[in-house]
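This report looks at a ligand shell and then at a group of neighbouring strands. The structure is shown first, and the description follows it.

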Amino acid sequence: YLGTMTNVDGVLEIGGVSVKELQEKYGTPLYIYDLEFMEKNIKDLKESFVSEKFKTTIVYASKAYLSKGMTQIIEKNGLDIDAVSGGELYTILTSNFPTKRVHMHGNNKSLEEIEMCVKNGIGSIILDNRFEAEKVALVCRKFNKKMNVMLRLNIGIDAHTHEYIKTSKHSSKFGESIFDKDVVKIVKDIVDRPELNFLGFHSHIGSQIFDELAFCEGVETMVEFTKKISEKLNICIPDINIGGGFGVRYTQEDTDVNLKKIMKKIIRCLENSLVKEGMDIKNVTIEPGRSIVAQAGSTLYTVGGEKETYGGEKYIFIDGGMTDNIRPALYQAKYESIVANKLNETEKEIVTIAGKCCESGDIIAKNVRLGKCRENDLILVSCTGAYGHSMSSNYNKALKPAVVFVKDGKSYLVSKRESYDDLTKNDILLENIF
Ligand code: LLP
């Protein structure tokens, strides 16, 4: 069991709330976030990502999971937050998050998105490339404002993770390459613009990375590059942002991860490379998403039925699937599951948990050992807190599930289940063409 999960007479409780009660109150599929667990992850990061040599900042990467309730938790726990789109930015700004603690990413920011950033006076914009500098400067001139900016770099580190979530190969679409022959000129152009206040460099080598060495290599490359540019341009560069991507254990087969240990190791690498380069830096930022929310979230489903095929596959059908968790279909991601209302069931079966979509790939877990279950039983899939809700879709016009936070025996609804009206409210019936 993870976080505050407990077995009370065979029924799973999370944060002191029984899953049966949650099903009755909110229906299924349901995303459940264990607040205590999430806050413990944040505390671990805050306690371990510290240095006596420089200030540290932790920015929650909201793409992992975002709702207004989530921004409140991030704000209360003292982290900054980032956005990569107007939609994420809007969600954050309309939850009264302090604007100076908001940072904007994205490899193709529209003028409208940049205007939202500048008008609201957010903390910083991370420029993806040389062309964005001109766009941000243009908007700053229009509103007579100045904006803090960083430049995203591609530092060419091929971290070991799924091909789709690598971000720092030479061919990646993100950032300006440190190997580009014009890179000094590109930085100079940003530094020289009066509308922009250049803070420093950003990099993010990918997501779900377990390899500490890749992070250290990244950090060293960033420090070396920062030194080189500050000397060439004769400027002081106060900030380094090394992104997120810290790996999370989804199943027993994954490597066990000690987040605090990884943070301390990164700090040590940073301090060592600063000494080696004879350099000072004022502030170092990380941007974890998954490591804060993945394990704290799970998805509760109701079993609709079962089927044994002629080919010998035993299916358990659940009332959600790839529409609330695309990760198995997209990245062959593995998850663990339990029959949450029958934890003491000793009879086990090998089954495949399948969703409702018209898609053979709509499988949440293949050939997994599960307690014997039947119609109306509850299945809980754990570790779905990151990139589950945020990558959910309305394929087959599925309704996006509700989201609840649980803590100390209480549950709090933070997103309502979508309704059929929500699904069709933007459709317009054709008139006068028949
Ligand atoms: N910073 C930047 C610039 C990023 O691009 C990302 C993730 C993060 C921070 C946070 O990374 P994290 O700590 O969550 O690993 N949909 C994929 C993951 C895509 C990650 C994209 N960028 C998945 O479900 O595995």
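The residues of the shell around the ligand comprise nine nonpolar, 10 polar and four charged ones, where Ala, Val, Leu, Ile, Met, Phe, Trp, Tyr, Cys and Pro count as nonpolar, Asp, Glu, Lys and Arg as charged, and the others, Gly among them, as polar. The model is predicted, and local features need pLDDT of at least 70, side-chain atom pairs count only at pLDDT 80 or more, while totals for chains, interfaces and linings use all residues. Residues are numbered from 1 along each chain as its sequence is written.

In total 23 residues surround the ligand, the closest being S207, G244, G289, R290 and Y387; a residue is near a molecule if its C-beta atom, placed from the backbone, lies within 6 Å of it. At least three residues of this shell come from each of domain 1 (6-33 + 296-424) and domain 2 (49-292), with bounds from an automatic or database domain assignment.

The strands and helices are DSSP runs (helices H or I, at least four residues; strands E, at least two), numbered from the N terminus. Strands pair if DSSP finds at least two bridges between them, and the table lists two such pairs.

| Pair | Bridges | Direction |
|---|---|---|
| β7 (residues 102-104) and β8 | two bridges | parallel |
| β8 and β9 (residues 147-154) | three bridges | parallel |

H103 stands opposite S124 in β8, and the bridge partner of I125 in β9 is V149.
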